[in-house]
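Please read the following with the sequence and the model side by side.

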Amino acid sequence: MSSEEEANAPDFSEQARAMQELLPYLHDIVGDTAEITTEDYWGSEPDGSVDHDQAPSIRSAYIRPHNAAALPMDVSCEQWIVIELGRIGGRWELGYDSGDLALAKALLGAAAAGNVIETTALGRSKVDVTLTDGTIVTETGYDGCLTILIPLPGWKTWGRTTRYEPYRTNASE
């Protein structure tokens, strides 16, 4: 990490505050319809050792729904708040201000409600998330260095589309 990146990196208390706000929200929106696992990772020193007396450098939560047709979600608080929805695409890197934290909650809420459509093709996917106000936010991701170089004209129209189900169904409520 360069000295400029270090100066702009959030302190550990911002990461902790963000995760402390997101975790109760996640528990509220998924309830007992998913398993939420949290982990803290410590950065290593140049010699490979880890100082557990310092605050963790990355805090993560993994949300795995009991409904196999619902979308798993990953949340990490590191240099950014990272929300991952989808197989390849669907990665949002957000800041720690109140607007970005609100967007993180909106993305997670939409995924739990089943408002996510993912289109996949060879080494790429596009994730469309419909927020509660009707806004659609999209992220496209590529896997592997050759996927950007290999054109697949029209893949967003002929690729395989998955409409994820909500975490809560009428039977589980």
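Which residues of α3 are buried? They are L101, A104, L107, L108, G109, A110, A111 and A112, where buried means under 20% relative accessible area, exposed over 50% and partly exposed in between, with a 1.4 Å probe and protein chains only. This is a predicted model, in which local features need pLDDT of at least 70 and side-chain atom pairs count only at pLDDT 80 or more, while totals for chains, interfaces and linings use all residues. Residues are numbered from 1 along each chain as its sequence is written, and side-chain values use heavy atoms, with hydrogens and water left out.

Helices (H or I, at least four residues) and strands (E, at least two) are DSSP runs, numbered from the N terminus. Helix α3 covers residues 98-112, and its 15 residues should span 21 Å at 1.5 Å a residue; the expected span is 1.5 Å times one less than the number of residues. The end C-alpha atoms of α3 are 21 Å apart, which agrees. Just after the helix, G114 has a positive phi of about 85°.

α3 lies across β6 (116-121), β7 and β8, at about 95° to β7. Contact here means heavy atoms within 4.5 Å; axes are lines fitted to C-alpha atoms, for helices over the stretch in contact, and angles run from 0 to 180 degrees between N-to-C directions.

The strands under discussion belong to an open sheet of four, in the order β8-β7-β6-β9, with antiparallel pairing. Two strands pair if DSSP finds at least two bridges between them. At the edges are β8 (136-142) and β9 (160-163), each pairing on one side only. Direction ignored, neighbouring strands of this sheet are turned by 15° against each other on average.

β6 and β7 are joined by six bridges in the antiparallel sense, and V116 has V129 in β7 as its bridge partner. Two residues separate these strands in a hairpin, and G123 in the turn has a positive phi of about 65°. On to the next pair: seven bridges join β7 to β8, again antiparallel, with K126 opposite T140 in β8. The hairpin of β7 and β8 has five residues between the strands, and G134 there takes a positive phi near 95°. Why is β7 largely enclosed by the rest of the structure? Because six of its seven residues are buried.

Next, the core. A nonpolar core is a set of buried Ala, Val, Leu, Ile, Met, Phe, Trp, Tyr and Cys residues joined through side-chain atoms within 4.5 Å. The largest one has 35 residues, of which I63, M73, I81, I83 and V129 touch the most other members. Elements that give two or more residues to this core include β2 (58-65), β4 (81-85) and β7 (124-130). α3 gives the most, with seven residues.

Last, S76 sits in strand β3 (residues 73-77) and is buried, with a relative accessible area of 11%. Leaving out residues up to four places away in sequence, S76 touches R59, S60, I81 and V82. The side chains of S76 and S60 make a polar contact of 3.1 Å, that is, a pair of N or O atoms within 3.5 Å; within protein, one must be able to donate a hydrogen and the other to accept it, and residues adjacent in sequence count only if both atoms are side-chain atoms.
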